[in-house]
Amino acid sequence: MDTASTFSREELTRYHRQIILPGMGRYGQERLKAARVLIVGMGGLGSPVAMYLAASGVGTLGIADFDRVELHNLHRQIVHDTPRVGVPKVESAIQTLSAINPHCNFVPHPEGVRAESLPGLLGGYDVVVDCTDNFPTRYMLNDAAVLAKKPLVYGSIHQYEGQASFFHPAEGAPCYRCLFPEMPDPASVPNCAEAGVIGALCGIIGSIQAMEAIKFITGVGETLAGRLLVIDAATMATRTLNIKRDPTCPVCSRCARIRNIVPAEYEWSCAGPNENMSVKSEITSLELKEFLDGPNPPLLLDVREEDECAVGMIGGAINIPMAELGMRMRELSPDRLIVAYCLSGLRSMRAQKFMQSRGFAQVLNLRGGILTWIRDVDPDMSAY
């Protein structure tokens with residue numbers, strides 16, 4: 001291939017210091033230009049991934065995210081800026097990325113990724129980069145990538161810890177389910193809205209993910225296939241754990257039970273497998289609004305911390321932080337209907353189960369927490 005005809009003079013100047021790297025050369029740069037990479041999630045991880053892949057000269061970047069930019073995103077989601085609050089993340093990201101490198105082609109997927117269309121979507125890409133922040137989508141992406149024989153670049157963060165790996169069973173490497181076979185109980189795993197997240201760690205892990213994609217595309221260096229990199233940002237201690245193919249893996253082994261993507265398999269439910277599903281355990285924001293406007297309103301229990309409540313509370317709620325609930329149960333009546341809520345619904349789910357174990361039979365969890373209340377009922381209330 002004649003590189004002079006592949007790249008313009010401006011492109012050769014733009015990528016010069018990358019092209020002269022040992023092992024990269026013009027051939028590596030040509031492979032980047034020909035590559036098609038799907039980035040799922042344009043948040044804390046997706047921001048540095050997209051920015052560095054665009055800057056490196058990846059020819060086509062698929063940008064998938066269904067969300068809009070919010071003010072509390074901006075301390076870590078650096079592909080967005082303050083004037084774009086309220087703008088769809090896909091639109092905001094492409095504005096930034098186009099300014100970084102106008103030679104890249106950006107394919108928007110503003111609906112995010114859905115089980116029904118994901119297998120077909122992956123067929124148009126060479127590499128998938130998982131920048132999501134929830135387990136159902138993470139498992140769905142892994143399974144779809146395995147079935148499509150596509151490599152998956154994994155990254156995740158929890159408070160001060162970050163993880164990264166490269167999954168590609170089609171080439172003999174393990175997949176995500178080899179490491180974590182089944183989705184955890186949603187009540188046991190706080191998301192970043194509940195646990196907190198520091199922006200610089202997103203930059204570290206996202207940059208590693210971008211590097212993994214570049215190494216795979218160009219053939220330079222060695223990917224994290226078969227290894228899990230763990231970083232403690234508080235101490236900067238790092239560990240590299242060896243991981244192997246699980247011979248009983250649900251999706252990539254010879255005895256795999258997952259043969260296609262079934263939407264119902266990637267949904268979290270508050271009810272366990274043996275619970276009576278006729279018993280209502282959740283309430284939506286709109287249902288709660290009707291209850292509160294009715295003759296017998298429930299008691300609202302806000303289990304967030306005091307500094308969170310200072311941002312805003314649902315009118316009439318009482319605040320008992322989750323950590324204090326066991327000591328302050330006497331303040332609540334087991335005979336009254338109680339609706340517990342937090343920011344996104346996870347802490348209040350744990351509160352609900354704890355209270356039920358102490359004899360409170362009438363406890364409902366506000367699905368999606370106060371964030372859904374703000375979205376559906378009171379948009380003037382501040383989110384964080």
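Strand E1 (residues 36-40) and strand E2 run parallel and are joined by five bridges, where helices (H or I, at least four residues) and strands (E, at least two) are DSSP runs numbered from the N terminus and two strands pair if DSSP finds at least two bridges between them. Val40 has Ala64 as its bridge partner in E2. Between E1 and E2 the chain passes through helix H5 (residues 46-56) in a right-handed β-α-β crossover, a term that applies if, with the strands pointing away from the viewer, the path from the first strand over the helix to the second runs clockwise. The model is predicted, with local features needing pLDDT of at least 70 and side-chain atom pairs counting only at pLDDT 80 or more, whereas totals for chains, interfaces and linings use all residues. Residues are numbered from 1 along each chain as its sequence is written, and side-chain values use heavy atoms, with hydrogens and water left out.

E2 also pairs with strand E3 (residues 105-109), in the parallel sense and over five bridges, and Thr60 has Asn105 as its bridge partner in E3. The path from E2 to E3 leads through helix H6 (residues 89-100), and this β-α-β crossover is likewise right-handed. Five of the five residues of E2 (residues 60-64) are buried, so the strand is largely enclosed by the rest of the structure; buried means under 20% relative accessible area, exposed over 50%, and partly exposed in between (1.4 Å probe, protein chains only).

Aromatic pairs number eight, counted where ring centres of Phe, Tyr and Trp (its six-membered ring) lie within 6.5 Å, with planes under 30 degrees apart taken as stacked, over 60 as edge-to-face and the rest as tilted. The ring centres of Tyr154 and Phe167 are 5.6 Å apart with planes at 35°, so this pair is tilted. Because Tyr154 lies in strand E5 (residues 152-158) and Phe167 in strand E6, the pair ties together parts that are 13 residues apart in sequence. Tyr154 is buried at 2% relative accessibility, and Phe167 is buried with a relative accessible area of 2%.
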